[in-house]
Amino acid sequence: MEHLCGLLTGHKNPVPLKSIAVALSIHDFVAGVSATLNYENEEKVPLEAFFVFPVDEDSAVYSFEALVDGKKIVAELQDKTKAHENYEDALTQGHQAYLLEEDDSSRDVFCCNVGNLQPGSEVAVTLRYVQELSLEADGALRYVLPAILNPRYQLSDKPSESSLQMKTPMVTSEDLPYTLSMVATISSQHGIERVQSNCTLCPTEYLGEDKTFAQVSLAEGHKFDRDVELLIYYSEVHRPTVAVEMGMPEMKPDSLMGAPSAMVSFYPDIPEVETSRTSGEFVFLVDRSGSMELPMSNHDTSQQRIDAAKETLILLLKSLPMGCYFNIYGFGSSFETLFPESVKYTQESMEKAVDRVKLMSADLGGTEILKPLQHIYKAPPIPGHPLQLFVFTDGEVVDTFSVINEVKCHSKKHRCFSFGIGEGASTSLIKSIARVSGGTSEFITGKDRMQSKVLRTLKFALQSTIEDISLSWDLPPDLSASILSREQTVLFRGQRVINYAQLTGIMPQGEASGKVCLRYTLQGKSFEENVTFSLQAKADANFTIHRLAAKTLIQSKDLGSYETSEGDKEEVLNISTQSGVLSSFTAFIAINKELNRPAQGPLAHREIPRPMLCAVLCESIESEESGFLCSSMSALDEDVVLQQNELLCGGSGPKQFPVLKTTKKKRSKFFRQKYDEMEDTEFSTNMDNLQNDHKTFGENEMVQLVSLQKANGSWDLDEDLAKVLGTSLEDMQFAHPAKLVDSSGWATVLAVLWLHTNGKDLKCEWELLERKAVAWIREHAGSAVPVLVETANAFLKSSVDPAVFTS
């Protein structure tokens, strides 16, 4: 059996990658990144080193070079097929060669080959890329340096031609043979309020009294065991900006890279408009693969992903408006539906859904999302109820481009809101399916609560969308702007708009300005944002704006080798080679022809291990427990023989589990025993603590209270409610002002007051279901609401403002 996981190189075959150094430059809403990989061949034979690493899907990789014995070798961007041929030819002739390409299956995975690395030689290869920074709900700009690449699920009936093919080894952070360092410089005309991170940083240094320039770095000794996340807070984040960049002087003046380019950024502070909208078909597509049993955070005893998903689904079900339609799909190697087709949201259908959700488990094997998507899209539309699709997944799929294309083909009939769960979730999948359908995407990592982010998105989906979006330019004569970005058809409250434009014509000499206006309507009201900007184009050696514009054009047409039409492929190739931005059809190739030492026999092959969290180790085990291997990911019958693959590598080589014949009933005991036998005591202790300390589903009081709410927003006065409120049914009945409202009305007032008193920090999670409750109370109690609230406050010993029922 071929071992596909675990460290493949021991002490006799040291891994040649020694360190990774990242220099990050953030300006306003974009970032430039330079990542240097330092290699050293300590062996006595020439090597070919192979390293797979993740980069955010929105990144535009534009430069790749090698420094060999003080000589810089700059790579050329070529057609991928030609680049592969040139690479092999160079190795055959004894030259050193370097190849950088996107993985065939995804835009956010890159593969680096360093060929003919001579004994004793040191080489530094550097790749550079630019990217837009995503925006958090609180206005923070978010930069992520991905460290983790989750195991890929390979379809059993579709062999992958990916260069990854799950053969790249994974080790725990303690066993990584290389280190990571990162320094970030931040500049913004908005003013920098603060910088936060999920990793330990050295103290932030502000350069200048106006705090428009700052520098931060990772603290020494950082372990590459998680995504490195920076949150940057600006003081005037809603102020619109326009930046104009000079084109490349060697290019034709009217070409994509030769003409000046502008980047327009609007982040409107849109007022919240409450809507009574009851239309919509809400379909929730939930990952139930084996890895969903892992904890939300990999560094504490946090809630399991599947339990967080179940709690989130119950909150979603309680928050839906009466009169809409809904359904729930669970997917893995196969998929299941709650109802044969979407049903109307009623008390009966909601109760059935909640009961089924509570029984949901991560028991469906792999991560095949395409078939359930096709099933959803085949269903006939419900007149007057546009489809809103919510997708939850923690993994990656081998057919990423097929999934994106499927969503894109149906983009006119629905919006897709996608959620990536945990470090390593595919940015290519999550961001792309949201972008092509006009939805939004969120990533839930570290200590983020899934419930908060998902309920905020539902709030967006229920609100009236911003329509009639237009961008107009007021420029000097003989100068015009051509929009390069995809047309923005919908905008939600809290979203930012970034547009790229090519300026053609005669640029004015000396000081001159232009104006851009963003106009849109919301519930029949017109809004506009204006910004005046200087037309004095600035030089940027990285051509950040031009390359980000090229990336947006590539994203709109590049759907991988199998999904892209010949016409679009030709256009992508043209944009890619002109801008220098990597695509699915191009690769960087660099050859050092000064080295001409023919290799004696084939080069020794060394695969660089990727960092593996304890969670990833668990995933490989849980995957087998679910009936499939983490390596090949081919589905197996429940009771077939389990082949154990290599999991960890210590000083004496990889540990192996023996071949074991076991049934599902015996597996959990077996795997707990194997956890205890591992020499990594910290990992074993963490797993034991997780099993002992993790709260089971339903122990959270707020979740219990929410699960008791009816579809119309009310609660019943019963023993279950009394238990959550910490009182008795008899006391609640005795305090009930029956002359003012019936028992359900009294119970509902008590429940709302309890939420305001005990769940303030989680208001974003229960805000929508509270709105239903308040609307119901207004209808049933009318003018008696103030007295009811006063009586309920006295009973609960709380002090909630009665205005919560009237505002």
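Modeller: Keep in mind that this is a predicted model. Its protein chain exposes about 32,900 Å², and carbon and sulfur atoms supply 48% of that area. Buried residues make up 59% of the 807 residues, and the chain has 19 helices and 38 strands.

Biologist: Why is Ser-583 called buried?

Modeller: The label buried requires a relative accessible area under 20%, and Ser-583 has 0%, so Ser-583 is buried. Ser-583 is found in the loop between helix 10 (566-579) and strand 34 (586-592). Leaving aside neighbours within four places in sequence, Ser-583 is in contact with Glu-102, Ile-554, Asp-558, Val-572 and Ser-576. Ser-583 and Leu-77 are 506 residues apart in sequence, but their C-alpha atoms are 9.8 Å apart in space.

Biologist: What makes Asp-468 count as exposed?

Modeller: Exposed means over 50%, and the relative accessibility of Asp-468 is 57%, so Asp-468 counts as exposed. Asp-468 is found in strand 29 (residues 467-474), and its phi is near 50°, a positive value in a residue other than glycine. Most residues other than glycine have a negative phi.

Biologist: How do you know which handedness to give the crossing of helix 17 and helix 18?

Modeller: A crossing is left-handed if the near helix is turned anticlockwise from the far one by less than a right angle, and the crossing of helix 17 and helix 18 is left-handed. Helix 17 (residues 743-758) and helix 18 (residues 763-781) pack at an angle of about 145°, with their axes 10 Å apart. Among the residues that make the contact are Val-752 and Leu-755 of helix 17 and Trp-766 and Trp-776 of helix 18, and the residues of this contact divide into eight nonpolar, four polar and one charged.

Biologist: Which residues have the most contacts inside the largest nonpolar core?

Modeller: They are Tyr-39, Tyr-98, Val-125 and Tyr-143, in a core of 85 residues.

Methods:
Residues numbered from 1 in each chain as written. Predicted model: local features only at pLDDT ≥ 70, side-chain atom pairs only at ≥ 80, totals over all residues. Heavy atoms only, no water. Helix = DSSP H or I, 4+ residues; strand = E, 2+ residues; numbered from the N terminus. Buried < 20%, exposed > 50% of the residue type's maximum accessible area, 1.4 Å probe, protein only. Areas by Shrake-Rupley, 256 points an atom, 1.4 Å probe, with all protein chains shown as cover. Axes fitted to C-alpha atoms, helices over the stretch in contact; angles between N-to-C directions. Contact = heavy atoms within 4.5 Å. Nonpolar A, V, L, I, M, F, W, Y, C, P; charged D, E, K, R; others polar. Core = buried A, V, L, I, M, F, W, Y, C linked by side-chain atoms within 4.5 Å.
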